[in-house]
Amino acid sequence: MIESRDAVAVNQLASGATSPLSFDERWARWEAKGARHDARVARRMRMILAVMAAIGVIWASVVLL
């Protein structure tokens, strides 16, 4: 992903943009990327936990009956 961010900065310079991204802008993008990643991981963990809970309920109902 670092290459794509660098490519964006290069494209901005090549397209006649007034200046490259400042440190604060790059940092904000980095933080946003991290927040998106955290949200994806949390969503996947919730799905995995739901599946494990369902399997546990089914297993317990089979074993206990």
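Here are a few friendly notes on the structure above.

1. A word on the model comes before the details. This is a predicted model, in which local features need pLDDT of at least 70 and side-chain atom pairs count only at pLDDT 80 or more, while totals for chains, interfaces and linings use all residues. Residues are numbered from 1 along each chain as its sequence is written, and side-chain values use heavy atoms, with hydrogens and water left out.

2. The protein has 2 helices and 0 strands (DSSP runs of H or I with at least four residues for helices, of E with at least two for strands, numbered from the N terminus). Of its 65 residues, 2% count as buried; buried means under 20% relative accessible area, exposed over 50%, and partly exposed in between, with a 1.4 Å probe and protein chains only. The accessible surface comes to about 5,700 Å², and 69% of that belongs to carbon and sulfur atoms (Shrake-Rupley method, 1.4 Å probe, with only the protein chains shown as cover for residues).

3. A nonpolar surface patch is formed by Val41, Met45, Ile48, Leu49 and Met52, which together have about 460 Å² of accessible area. Patch members have over 30% relative accessible area and no salt bridge, with nonpolar side chains (Val, Leu, Ile, Met, Phe, Trp, Tyr) joined within 5 Å and like charges within 9 Å. A salt bridge here is a side-chain nitrogen of Lys or Arg within 4 Å of a carboxyl oxygen of Asp or Glu. Met45 is found in helix 2, residues 23-64, and counts as partly exposed because its relative accessibility is 43%.

4. Arg36, Arg40, Arg43, Arg44 and Arg46 gather in a surface patch of positive charge (Lys and Arg count as positive, Asp and Glu as negative, without His and the chain ends; the charge of Arg is placed at CZ). Arg46 lies in helix 2 and is exposed, since its relative accessible area is 54%.

5. Searching the whole structure turns up 1 aromatic pair. The ring centres of Phe23 and Trp27 are 6.2 Å apart and their planes lie at 15°, so the pair is stacked. Rings of Phe, Tyr and Trp (its six-membered ring) pair if their centres lie within 6.5 Å; planes under 30 degrees apart count as stacked, over 60 as edge-to-face and the rest as tilted. Phe23 and Trp27 are about one helical turn apart, because 4 residues separate their positions in helix 2. Phe23 is exposed at 52% relative accessibility, whereas Trp27 is partly exposed at 44%.
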